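Colleague: I am new to this one. Could you take me through its side-chain packing, one question at a time?

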Amino acid sequence: MHELNIGGQITELRKAKGVTQEALARAIGVSGQAVSKWEGGGSPDISLLPAIADYFGVAIDCLFGRMPENRRNIEEVVFNHVAKAIDEFDGEPWDAPDECQTAVFERVKKICWAVLYGMLGTRIFEQMSLPMKELFDDMVAKMDSEISLYGRVVYNRGMVIASATRSFPYFFFMPEPEKGWSEGLLPREEYCKTFAALGDEDILSSLLLLHTKKPNTNFTAGYLAKETGLSAERTERVIASLTDMGFVKEYHIELEDTRQKFYEFRPKESFIAVLMLMRAVIHTPTHHVISAAERSKPLLRLEGDNT
């Protein structure tokens, strides 16, 4: 029973890792026929078990089907893997130094791209004789370069689009609700109003300038006029638009002989995300390290269309 269990566990671990029998064989120094024999019901020599377990990053017990509880709970595994980078810092997570935060984002980035690759399943890589581990490791090695690393998976039930280019990284996961994405859209006039405002060079320039400041920075109209070179009248109109969009809030302070007006800047992380995604809209990626667009229906539904 253990022999069959070991072969079955090796098959399961190999497919989860996305590697071929030949890739596994090369890694531990045996023939592809040997791996095939194990998975067909044989059993590897006991001296090979540590190398096999190390290759898959599991305990030897796992080869006998004795999986630790957290191995079965992938969410807990991911949680602990990401949290470890913060837990190593003795203090509140928001006070963690840059190196801890960098470690967190590095781990999350790799997990996100593993998810993207996993959405294609393992069979496609096996059919193409592509060693999944080598493909993924090669992509990870290029993540901090300016090589164009785009990925997309677009299915009928949702989409993922991503970029791992050093100056342009993002990961956008968007499952489609039952009634489609159209249901979540705002009224068309609200988009037109916002896009028109962002299309105004003075407003966009002011927004970009203010986002270089720390959150909740206070400023006056005179300061913004000085920094942007706008007239006082034009500056007031820009501030009115920024207030309307929720980027700034007006306050007053009573001085001895006057009432001073000032504004608090309220940055929006979603604004930066929009700018990043708009870059891909303006300059459509033409090369993807992974691409699967198998959607048979339109991205948006007509009103009343429930298909």
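Colleague: Which residues touch the most other members of the largest nonpolar core?

Modeller: This is a predicted model, where local features need pLDDT of at least 70, side-chain atom pairs count only at pLDDT 80 or more, and totals for chains, interfaces and linings use all residues. Residues are numbered from 1 along each chain as its sequence is written, and side-chain values use heavy atoms, leaving out hydrogens and water. A nonpolar core is a set of buried Ala, Val, Leu, Ile, Met, Phe, Trp, Tyr and Cys residues joined through side-chain atoms within 4.5 Å; buried means under 20% relative accessible area, exposed over 50%, partly exposed in between (1.4 Å probe, protein chains only). The largest core has 20 residues, and those with the most contacts to other members are L24, W38, I52 and F56.

Colleague: Which element gives the most to this core?

Modeller: Helices (H or I, at least four residues) and strands (E, at least two) are DSSP runs, numbered from the N terminus. Two or more residues each come from α1 (2–17), α2 (21–28), α3 (32–39), α4 (49–56) and α5 (60–63). The top contributor, with five residues, is α4.

Colleague: What does F56 touch, leaving out residues up to four places away in sequence?

Modeller: Contact means heavy atoms within 4.5 Å. By that rule, F56 touches I10, L13, R14, K17 and L24.

Colleague: How many residues are in the second, separate core?

Modeller: Its members include L230, I239, V248 and F271. The count for this second core is 19 residues.

Colleague: Why is the pair of F247 and F271 edge-to-face?

Modeller: Rings of Phe, Tyr and Trp (its six-membered ring) pair if their centres lie within 6.5 Å; planes under 30 degrees apart count as stacked, over 60 as edge-to-face and the rest as tilted. The centres of F247 and F271 are 5.6 Å apart, so they pair, and the label edge-to-face follows from planes at 75°.

Colleague: How many residues apart are F247 and F271?

Modeller: F247 sits in the loop between α14 (232–244) and β5 (248–254). F271 belongs to helix α15 (residues 269–282). The pair links distant parts of the chain, 24 residues apart.

Colleague: Is F271 buried or exposed?

Modeller: Its relative accessibility is 5%. That value makes F271 buried.

Colleague: Which residue lies over the face of F247?

Modeller: A charge sits over a ring if NZ of Lys or CZ of Arg is within 6 Å of the ring centre and within 35 degrees of the ring normal. At 4.8 Å from the ring centre of F247, the residue is K268.
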